[in-house]
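These are notes for a colleague who is opening this structure for the first time. Please keep the model in view while reading the points below.

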Amino acid sequence: MKITILYFSKTGNTEKAASYIKEGLLTAGDFEIRPMNLNQPESVDSQFINDSEALIMGTPTYVANMCWQFKKWFDEDWSCQLGGKLGAAFATANAMHGGGDIALQSMISHMLVRGMLTYSSGAGCGRPYIHLGPIGIGVNNGVEERKDFFELFGKRVGEQALRLFVK
């Protein structure tokens with residue numbers, strides 16, 4: 001099963017979170033996982049995205065929302081057929097009240113508009129709860145402090161993908 005981790009990372013924080021999610025996915029199953037950074041357009045493989053059953057998307061939080069690069073991708077890249085895929089979101093933010101939760105809600109709304117099935121594990125998997133998706137907070141070591149959370153999120157998304165798509 002193919003899973004794409006699509007993210008935008010300029011400073012490396014969101015990319016680091018994506019790597020922890022990949023580690024968690026690998027504990028859940030034998031997936032072919034490809035991380036892709038929207039900041040490096042040559043790394044975005046539309047065919048791999050189309051072949052993926054799940055797409056985990058990550059954004060830094062800017063002005064209490066997803067980055068404009070992701071908004072542009074949602075609005076303009078129609079070569080990626082997202083309908084029916086499992087979608088999940090994660091974010092990084094500079095401050096506790098910087099709007100990471102709003103960025104996640106915005107991404108999830110865009111996923112739904114594009115026909116994706118969204119998943120975060122919510123309270124359904126028990127503690128620790130991941131209601132909308134994990135958020136790494138702080139520019140220095142906020143992502144590292146949440147490493148276990150990002151890995152758990154990856155594991156849970158992988159397990160859900162297997163439940164949905166493996167017959």
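1. Phe70, Trp73 and Phe74 are linked into a cluster by ring pairs, where rings of Phe, Tyr and Trp (its six-membered ring) pair if their centres lie within 6.5 Å. The model is a predicted one, in which local features need pLDDT of at least 70 and side-chain atom pairs count only at pLDDT 80 or more, while totals for chains, interfaces and linings use all residues. Residues are numbered from 1 along each chain as its sequence is written, and side-chain values use heavy atoms, with hydrogens and water left out.

2. The structure holds 4 aromatic pairs. One of them joins Phe70 and Trp73 edge-to-face, with 6.0 Å centre to centre and 80° between the planes; planes over 60 degrees apart count as edge-to-face, those under 30 as stacked and the rest as tilted. Because Phe70 and Trp73 are 3 residues apart in helix α3 (residues 68-76), about one helical turn separates them; helices (H or I, at least four residues) and strands (E, at least two) are DSSP runs, numbered from the N terminus. Trp73 also pairs edge-to-face with Phe74, at 5.4 Å centre to centre and 65° between the planes.

3. Are these residues buried or exposed? Phe70 counts as buried at 0% relative accessibility, as do Trp73 at 6% and Phe74 at 2%, where buried means under 20% relative accessible area, exposed over 50% and partly exposed in between (1.4 Å probe, protein chains only).

4. The largest nonpolar core has 25 residues, and those with the most contacts inside it are Met57, Phe70, Trp73, Phe74 and Leu82; such a core is a set of buried Ala, Val, Leu, Ile, Met, Phe, Trp, Tyr and Cys residues joined through side-chain atoms within 4.5 Å. Two or more residues of this core come from each of α2 (46-51), β3 (54-62), α3, β5 (86-93) and α4 (100-113), and α4 gives the most, with 4 residues.

5. Two arginines lie over aromatic faces: Arg114 over Trp73, at 6.0 Å from the ring centre, and Arg146 over Phe149, at 4.2 Å from the ring centre. The criterion is that NZ of Lys or CZ of Arg is within 6 Å of the ring centre and within 35 degrees of the ring normal.
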